[in-house]
Amino acid sequence: MTTLPILSLLLLVPLGAALITTLLPRDNARLVKGWAFGAVAIEFALSLYLLANFAPNTGQMQFVEYAPWVPQIGIAYHVGVDGLSLWLVLLTTFLMLIAIPASFAEINTRVKEYVIFFLILETAMLGVFMALDLFLFYVFWEFSLIPMALIIGIWGHEHRIYAAIKFILFTMTGSLLMLVAILVLYFATGARTFDLLELQKMITPASLQPWLFAAFALAFAVKVPMFPVHTWLPDAHVQAPTAGSIILAGVLLKLGAYGFLRYCLTLFPDAARQFAPVLIVLAIIGIIYGAMVAAVQKDLKALVAYSSVTHMGFIILGVFAFTEQALSGAILQMVNHGISTGALFLLVGILYARRHTRLIADFGGLQKIMPVYAFFLLFVMLSSLGLPGLNGFVGEFLILLGAWQANPIYTVFAASGVVLAAIYLLWAYQRVMQGPVTNEQNRRLPDLSRREFALLLVLAILIVVIGVAPNVLLHPMQASITELLNSTNVAGLLK
Amino acid sequence: MSQFLWLIPALPLLGATINLLIGRRLPRAVSCWLAVAAMAAAFGAAVGAFLELLALPSDAQVIHQTLYQWVTVGKFSVDVGFWLDPLSAIMILVVTLVGTLIHIYAVGYMEHETDYARFFTQMNLFAFMMLMLVLADNYLLMFLGWEGVGLCSYLLIGFYYNRDNTAVGTDEKFLSPRSSGTKAFVVTRIGDFGFTLGIILMFWTFGSLSFGEVFHGAETMFQIGAPIITIMTLLMFLGATGKSAQLPLFVWLPDAMAGPTPVSALIHAATMVTAGVYMIGRSHVLYELAPATMAVVAVVGVLTAFIAATIALTQRDLKRVLAYSTVSQLGYMMLAMGIGAFSAGIFHLMTHAFFKALLFLSAGAVMHAMNDMVDMRRLGGLRKILPITFWTFLIGALALAGFPLFSGFFSKDEILSSAFTSGNVALWVVGVVTALLTAFYIFRAVSLTFGGKPRWKVGEVVTVQGAVASELDAHAAKGLHPHEAKWVMTLPLILLALGALFAGFLGMPAVLGENRLARFLEPVFQHETPHVSAELEWLLIGISAAAALVGIFIALRFYRGDAKTPARLAAYYPSLYKLLLNKYWIDQIYDALIARPGRWLANAFWLELDGKIINGIADGLGNAFRGFGNSLRSLQTGYMRGYALAMLIGVVVVIALLVMR
């Protein structure tokens, strides 16, 4: 173990960098961009330090820092990382490292504000994954909302205001109920503490559990998003700038899935068990519904957005199947989805930057014109549709495997999503990249720039590495998953 | 060698990687021959492994090598490991040998293709995936190869991704290469849906996915007819119907003809479509516990064989005749699996690999000579012009038809004999009828392509089988100087012809010699030769031979000269002719029953449920809020930062209230 307060550093570096950004000259965009890249690179290096010092064989919280904040009412600055959150922290720092340079070409107005919002967002997202105090968690949770809404609303596309308001409306409605639930939990247990680890030891009264669970679940379900509260997502994604979409799909959606895992399962295990079939059915509807709707999209970005609905359905299925394999698969799939869908949004953004359209019908035959781009697009799509040997397969298979133990019917329906994924992705590829060139404007599109190539190469390497050696990621999370299943005893409650 | 089993798949993977990374910058010859060298090296390694396996005592003929743990969660653990036994040894030899010959041929066939690096990358990758499939020591790794060959077929069928049509000089409308590729992937994935579920059920039944543990568990834990094994094997068989193009999922395979011809040979002969047959043979311990599944496999197999053969009778496109022939022959292999004649099925897989690769590559040589024309109504008279191709195609056709002493004769006869002795004579009858049809359709193709007068001269109007071929477009006819191909293409043809001629002698029936192949496979299948009297065996051989000879005879009679008889037949039974010509309308039925309703439903979900209902409720709630906050209307500046600021203030107020409590 180390005495370095690594988590606090991880939380403070982006925030501090955001503060310093305010001092930079407004007219020097290059400097601001370079500075932002440096900041997220340092942050990523710090998270690698975290990874290097992570002890994989314990399910306990590590790197724990505790400082009373408002001791009168039991609020504390309490952070820690375990096997459930480790990879999500790394995913966040990694995707920031991708998202910032991905915006270099696209963003040329209000660069300072843009960078500041992203850096604040990074702190907020990391805070959600690290918080061990419900109040602290809620603060980070809400703070992750504002910068993203601003990023969509200011740097987004034609209907950005509508999308941003919808985003806020949906997520705020959900999280306000969660705030009420947190307060009820605080008073009802009589513990007079917001400390997650303390609260987990109490048994929430059975009469309250369903209500509190529902309130938390609604907040998380909106964020994930689950059917039927998913309709903010296509709008938000389509309107967001590329980097916004990368972070939105890559990290923000995981806040919801992580919330289910960390809060719903541990605080309300009885209700979680009781409600699991409902959530699983919604998740499976999301898998099939999202895939079907994705297939008929005319806008490439909306297609990728709906593909997120189906992928996140798999993850929620994995969470509520309550088995070791399904939970491991769910966490792995959170990372996989972050990488693959992040890459897909990056690729769509590259196309948009060249042609200023996202409509599938405007393209066709691009493989001839942009062969390197074509390679990466197909590669990432294959990862997204779960081709064995690439990352997505391992996560999906573990989820399907684990869900079978809960109920084979779940697996049967969810597995049909795998067929549908092939349809919506390959059909899109066919219409955009193959066939004759139908639009003269497409004839002179340049292939990948060096910067784009480098970003995609890094993502592609990760896709292969996770697909070929997933145990690198799976091993460190095992102890925490066992711990989660034991401590909440949900596994034992399953027959 | 046993420590280097991994080299066999790794060599083609290395070839693919090099060509992917720098192939475009390499000279054409380097890029192409590198791919060939990778395959040839893999063949060398396969031979080495085979010899080592032969040296082992017959009761311990397994070489098992584990590289590392692939996926481990709790008690679920799967390795990356390889398993060489007589069954996988046969498979790797066939894949690497036939694969190498196809690669060599492709060097010549693709000589005008500018995208050669992409082509050979994908060909090598194809071989790698197939070798992973047959060498894997567990079902999940097998599934990696299984999906991998699906990917490569997708890539290579759609190789001419920007063309709408690859056929020349024909009025037939085929699916574009890109649609064919997507179709192949999606249709086979429907099968893989079943295979995935079968694998999952297998894990929860046996607690493992590795061959050794699964088979041991099956033998010790279950009795014949156990329902769970029946379900498991049926799910796995669904996977096999996709990959091995059986009813009802065979529809992707004829469209796979849109790819370059060496690809057709690779998919149809050495790799991919044999995967399902191999998988069932590999899982024979499970299948033998599930007689109900075996019955399904046998019936699906024989029906597929028959139906595909009837479709092949009327096809005008030379490659499509061969495609339906592949479907049909795979049906025979499935029939063999279903009646428990596993080594017979593998035997036919092997002979078929030779003669079908030979037929495809010979057809490719015809296309090469004829500027990509494959409409048989436009061919004819090529026997003198393409003598080598004629002879190699003829040898392939004789082997396919089951002409006595050719390779296909022995393997098909073993399957039919086994069908007869299995007790279900109906299977045998359909099998024999199909054999007759097979001989007929392939010699129809021989006659139309190589016999008679040339029908490819400009401006000439020809009628074959009651249909007028379209006018040759000037472009196709202009540079048409049919000629025999170079040695890189003819040499593989000759070598494959030797295989098609002599491979059959590895598995002769008892009355003629010895079935060496069955004996070699004995450690895997524990093959018991059913006791048949010599008289019965001679009788069955005689009937098989007669079916072949009758079919060949009728075809040669029918298609002599101007082929009036078939035209009259077609006119006499127009609805039957149309049914076969249009492949029983199966594509259209699927489109009407699945694709269209699916698209309609998806659009309804998107536009109605998402667009109107859910968003309607959300907007309604939003408006309600707005009404509630009417007095605060002045704050509604519509400007994003205003909202954000309000939000921020709200959060701060909440925090403050909490803190002050």
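Contact here means heavy atoms within 4.5 Å. By that rule, 80 residues of chain A are in contact with 66 residues of chain B in this predicted model. Together the two chains bury about 6,400 Å², and carbon and sulfur atoms carry 74% of that area. Sorted by class, the side of chain A that touches chain B holds 55 nonpolar, 19 polar and six charged residues. No salt bridges turn up between chain A and chain B, but 20 residue pairs across the interface are in polar contact, both partners being at pLDDT 80 or more.

Chain B itself is built with 26 helices and four strands. Of its 661 residues, 61% are buried. Looking at contacts in chain B with a separation of 6 or more, 80% come from residues 24 or more positions apart.

Turning to individual helices, H2 of chain A covers residues 29–52. Its 24 residues reach 35 Å from the first C-alpha to the last, close to the 34 Å expected at 1.5 Å a residue. The buried set in H2(A) consists of Val32(A), Lys33(A), Ala36(A), Ala39(A), Val40(A), Glu43(A), Phe44(A), Leu46(A), Ser47(A) and Leu50(A). An α-helix has 3.6 residues a turn, so residues three or four places apart point the same way. Among the elements covering these buried residues of H2(A) are helix H1 (6–21), strand S1 (62–70), helix H3 (86–102) and helix H4 (111–130) of chain A. Ser47(A), which sits in H2 of chain A, makes a handy example. Its relative accessibility is 0%, so Ser47(A) counts as buried, the cut-off being under 20%. Setting aside residues up to four places away in sequence, Ser47(A) touches Leu10(A), Leu90(A) and Thr93(A).

Further along chain A comes H15, spanning residues 371–384. With 14 residues at 1.5 Å each, H15(A) should span 20 Å, and because its end C-alpha atoms do lie 20 Å apart, expectation and model agree. H15(A) is mostly covered, with eleven of its 14 residues buried. These are Tyr373(A), Ala374(A), Phe376(A), Leu377(A), Leu378(A), Phe379(A), Val380(A), Met381(A), Leu382(A), Ser383(A) and Ser384(A). After H15(A) comes Gly386(A), with a positive phi near 80°.

Leu366(A) belongs to helix H14 (residues 366–369) of chain A. At 0% relative accessibility, Leu366(A) falls in the buried class. Once neighbours within four places in sequence are left out, the contacts of Leu366(A) are Leu351(A), Val432(A), Met433(A), Asn442(A) and Leu445(A). As for Ile284(A), 82 residues separate it from Leu366(A) in sequence, and the C-alpha atoms of the pair are 34 Å apart in space.

Next, the backbone. Most residues other than glycine have a negative phi, and most peptide bonds are trans. A few spots in the two chains go the other way. In chain A, the peptide bond joining Phe227(A) and Pro228(A) is cis, with omega about 5°. Pro228(A) lies in the loop between helix H8 (209–223) and helix H9 (232–239) of chain A. In chain B, a cis bond runs from Leu247(B) to Pro248(B), with omega near 0°. Pro248(B) is placed in the loop between helix H8 (227–243) and helix H9 (252–255) of chain B.

His356(A) has a phi near 50° and is located in the loop between helix H13 (324–355) and H14 of chain A. A relative accessibility of 58% is over the 50% cut-off, so His356(A) counts as exposed. In chain B, Trp585(B) is not a glycine either, yet its phi is positive, about 55°. Trp585(B) occupies the loop between helix H24 (574–581) and helix H25 (586–628) of chain B. Its relative accessible area of 36% makes Trp585(B) partly exposed.

Methods. Residues numbered from 1 in each chain as written. Chains lettered and ligands numbered in written order. Predicted model: local features only at pLDDT ≥ 70, side-chain atom pairs only at ≥ 80, totals over all residues. Heavy atoms only, no water. Helix = DSSP H or I, 4+ residues; strand = E, 2+ residues; numbered from the N terminus. Expected span 1.5 Å × (residues − 1). Buried < 20%, exposed > 50% of the residue type's maximum accessible area, 1.4 Å probe, protein only. Buried area = accessible area lost by both parts, 1.4 Å probe. Salt bridge = Lys/Arg side-chain N within 4 Å of Asp/Glu carboxyl O. Polar contact = N/O pair within 3.5 Å; in protein donor to acceptor, adjacent residues only side chain to side chain. Nonpolar A, V, L, I, M, F, W, Y, C, P; charged D, E, K, R; others polar.
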